[in-house]
Amino acid sequence: MATLTHHENVTAEYLEVSPNARKRFITIIVAGVVLLAIGLIVAALGIGAEHHEGAVSAHAAAGGHSTAGHEGTAHHGSPVWLKRFIVSLWHNNVFFTGVSVIGTVFMAIQYVAYAGWSVLIKRINEALSAWVLPGGILMVVIFFIGLFNHDIFHWTLPGIMEKGNANYDAIIAGKSGFLSIPFYLIRTISYIIIWVVFTNKLRNLSLEEDLNGGTEYFHKSITASALFLVLFAVSSSMSAWDWVMSIDTHWFSTMFGWYVFASWWVSGIAATTLCVIFLKQAGYMPYIKESHLHDLGKFMFGFSIFWTYVWFSQFMLIWYANLPEEAVYYNQRLGGFNGQYTWIFFFNLFINFAFPFLVLMTRDAKRQMIMLKIVCVAILIGHWFDFYLMIMPATMQAENGFIIEIGTALVFLGSFLLLMTKRLSQASLVPVHHPFLDESVHHTT
């Protein structure tokens with residue numbers, strides 16, 4: 001247990017979000033809206049469509065093995081400009097909601113591990129989780145929007161599970177017990193409720209601890225964290241199957257839940273680290289030392305390798321078995337649609353593995369803010385592309401693009417930052433009565 005003898009001088013400090021900071025966040029949103037509008041107009045006018053048609057034709061001509069067992073190659077749904085917008089909303093919301101919930105997961109792990117070093121950054125984790133509720137609501141809303149023309153999930157097509165219907169698909173019909181719209185909604189809402197309830201529970205306990213002190217709230221937080229981690233282990237895997245893997249309905253991977261978690265997890269740590277550095281450079285968090293940054297750097301380094309391990313394990317097993325119903329996933333991303341996703345496939349590996357691995361290899365690099373900032377930004381961009389690569393080939397096929405997608409991402413980013421900084425400013429950045437505060441200030445574990 002912590003000793004309460006050295007942190008008498010550690011006092012509460014509050015973040016003041018300056019009008020200039022808010023203007024920057026709003027500028028990001030406005031820039032995103034402008035880019036989005038340009039992208040929608042360009043797509044609606046069909047500029048660049050010839051290239052896409054060529055890619056579709058080439059893909060169809062190549063056909064055969066690359067489309068075997070995959071339902072997503074037949075175009076259906078809204079006009080391309082609208083479909084791209086709806087799919088981009090889904091892509092960005094899955095990414096930002098995952099990053100957000102990692103704030104709660106990280107904090108819960110620190111509680112059950114009795115970790116002391118991370119106490120000074122727990123308010124950032126709490127603020128990161130502010131997007132879980134709006135992200136969850138958006139998830140349900142976007143799902144319903146996607147149902148109108150079945151833009152996101154092919155398995156929602158009418159009659160696809162009815163024998164004799166023109167849309168009948170025997171493989172998808174075999175999954176009808178799991179892939180029914182009511183059951184899907186029940187599962188999605190359950191994940192969100194679990195994540196929101198425990199996020200709020202840990203936040204409230206943390207704020208009450210600030211007010212009243214004592215160890216009662218700390219022990220309650222450990223109990224809540226242990227229960228949350230068990231539920232999150234199940235719900236995060238299942239949400240990955242529902243929100244991402246079921247887009248490629250025929251395809252499946254037993255490692256996919258871990259893969260998505262690894263992507264969310266390392267992105268969440270990068271977001272936390274970036275926030276710590278910005279706050280410190282703005283004059284806040286004076287007790288954060290190089291050792292704290294070093295720990296965050298080690299997390300990013302280690303879990304970038306973990307993500308690569310899961311990526312390689314999944315790829316290697318599918319490549320070795322070479323079963324058409326499994327290989328189609330990589331065929332589409334490696335050379336499908338006239339190679340439209342090939343560069344993203346290799347860029348994904350470079351920016352999410354090679355870059356953080358090489359840059360953070362030395363001890364000094366993990367303790368320098370400039371190096372950590374560069375790697376954090378690279379990881380966040382890299383894993384945004386990772387989700388792009390998971391979602392776009394099966395939904396947009398050769399009709400993908402980037403203007404609408406990046407515009408949507410900027411709108412999400414600006415909104416996310418507004419909400420996060422608002423929550424960050426609502427409580428002291430230092431949890432002044434946390435029993436392990438002394439360990440964190442002196443950086444002992």
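## Thr-308 and its surroundings

Setting aside residues up to four places away in sequence, Thr-308 touches Asn-352 and Phe-353. The model that shows these contacts is a predicted one. Thr-308 itself is part of helix H11, which covers residues 290-321. With a relative accessible area of 11%, Thr-308 counts as buried, because the limit for that class is under 20%.

Tyr-259 lies 49 residues from Thr-308 in sequence, and the two C-alpha atoms are 9.0 Å apart in space.

## Confidence in the model

The protein chain has a mean pLDDT of 92. A value of 70 or more is reached by 92% of its residues. In residues 1-7 the pLDDT is below 50, and this stretch has 15 contacts in the model beyond near neighbours in sequence. Residues 61-70 also have a pLDDT below 50. Beyond near neighbours in sequence, the model gives the stretch 61-70 a count of 16 contacts.

## The chain as a whole

The protein chain contains 17 helices and 0 strands. Its C-alpha trace spans about 75 × 40 × 40 Å along the principal axes.

Of the 445 residues in the protein chain, 56% are buried. Among contacts with a separation of 6 or more, 83% are between residues 24 or more positions apart.

## Surface and charge

The protein chain has an accessible surface of about 18,100 Å². Carbon and sulfur atoms account for 69% of this surface.

What numbers of positive and negative side chains does the protein chain have? There are 23 positive and 26 negative side chains. The centres of these two sets are 6 Å apart.

## Thr-188 in helix H8

Helix H8 runs over residues 181-212 and includes Thr-188. Is Thr-188 buried or exposed? Thr-188 is buried, as its relative accessible area is 2%. Not counting residues up to four places away in sequence, Thr-188 touches Met-139, Val-140 and Trp-243.

Ser-239 is 51 residues from Thr-188 along the chain, while the C-alpha atoms of the pair are separated by 7.0 Å.

## Ser-237 in helix H9

Ser-237 has its place in helix H9, residues 216-243. A relative accessible area of 18% puts Ser-237 in the buried class, because that class takes values under 20%.

Which residues does Ser-237 contact, leaving aside its neighbours within four places in sequence? They are Phe-232 and Gly-257. Tyr-259, already named with Thr-308, is 22 residues from Ser-237 along the chain. The C-alpha atoms of Ser-237 and Tyr-259 are separated by 9.0 Å.

## Two residues with positive phi

Most residues other than glycine have a negative phi. Asn-338 has a phi near 60 degrees, which is a positive value in a residue that is not glycine. Asn-338 is found in helix H13, residues 336-339. Its relative accessible area is 53%, and Asn-338 is therefore exposed, because values over 50% fall in that class.

Gln-397 is not a glycine either, and its phi is positive, at about 50 degrees. Where does Gln-397 lie? Gln-397 is in the loop between helix H15 (369-395) and helix H16 (403-424). Gln-397 is buried, with a relative accessible area of 7%.

Key: Residues are numbered from 1 along each chain as its sequence is written. This is a predicted model: local features need pLDDT of at least 70, side-chain atom pairs count only at pLDDT 80 or more; totals for chains, interfaces and linings use all residues. Side-chain values use heavy atoms; hydrogens and water are left out. pLDDT is the predictor's confidence in each residue, from 0 to 100. Contact means heavy atoms within 4.5 Å. Helices (H or I, at least four residues) and strands (E, at least two) are DSSP runs, numbered from the N terminus. Buried means under 20% relative accessible area, exposed over 50%, partly exposed in between (1.4 Å probe, protein chains only). Accessible areas come from the Shrake-Rupley method with a 1.4 Å probe; for residues, only the protein chains shown count as cover. Lys and Arg count as positive and Asp and Glu as negative; His and the chain ends are not counted. The place of a charge is taken as NZ of Lys, CZ of Arg, CG of Asp or CD of Glu.
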